[in-house]
Amino acid sequence: MPSNVLVAYGTTNGSTAEIAEAVAAVLRKEGLAAEALPARSVTSVSPYDAVVVGGGLYAGRWHKDARRFVRRHGRSLAGRPVWFFSSGPLDASASERDIPPVPGVRRAMDRLDVTEHVTFGGRLVEGAKGRIARMILRSGKGGDFRDFDVIEAWAARVAKELTDGEKNR
């Protein structure tokens, strides 16, 4: 039976949700059962063999829904494979180099023995919610800096680790 994977995410304007959906789609393509859900809607992780948690970055912090998800489900997460991703740089930096997790994410990674963390570029476009988002857009710093080829390659690596792990059981 294939692994059942949850991709939980915290997002404000939908960019991180689209990344989570792309990750889940690749996991399914690779033969795993996977679903992407808003982190705030998840009541239990017990139906899942593995979990990917993603959060948008806002002012150097992970989205509050991703932070709360990790706190609320910490005990259950500690017993299964977990990957983290962040989205947010509004420039090409995520494509040019490995961006380390912000301090709060790093602490959660250490606490839960997270397999890996990756930072993807973000997206901020006209119509975004929030006063700061609107200020960033007015300053000309918006745009879409997500690289779905990189996102999908990372998701395929996660799938390979999970399927290789299944074979070794």
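This report describes aromatic ring pairs in a predicted model.

## Aromatic pairs

A pair of aromatic rings is described by the distance of the centres and the angle of the planes. The count for this model comes to 4 aromatic pairs. One of them is formed by Phe85 and Phe120, with 5.8 Å from centre to centre and 50° between the planes, and the pair is tilted.

Phe85 belongs to strand β5 (residues 82-87) and Phe120 to strand β6 (residues 116-120), so this contact ties together parts that are 35 residues apart in sequence. Phe85 is buried, at 0% relative accessibility. Phe120 is likewise buried, with a relative accessible area of 3%.

## The contact with Trp154

Phe85 also pairs with Trp154: the ring centres are 6.2 Å apart and the planes stand at 70°, so the pair is edge-to-face. The cut-off behind that label is an angle over 60 degrees. This pair links distant parts of the chain, since Phe85 is in strand β5 and Trp154 is in helix α7 (residues 148-167), 69 residues apart. Trp154 counts as buried, with a relative accessibility of 2%.

## The cluster

Ring pairs join Phe85, Phe120 and Trp154 into a cluster.

Terms used: Residues are numbered from 1 along each chain as its sequence is written. This is a predicted model: local features need pLDDT of at least 70, side-chain atom pairs count only at pLDDT 80 or more; totals for chains, interfaces and linings use all residues. Side-chain values use heavy atoms; hydrogens and water are left out. Rings of Phe, Tyr and Trp (its six-membered ring) pair if their centres lie within 6.5 Å; planes under 30 degrees apart count as stacked, over 60 as edge-to-face and the rest as tilted. Helices (H or I, at least four residues) and strands (E, at least two) are DSSP runs, numbered from the N terminus. Buried means under 20% relative accessible area, exposed over 50%, partly exposed in between (1.4 Å probe, protein chains only).
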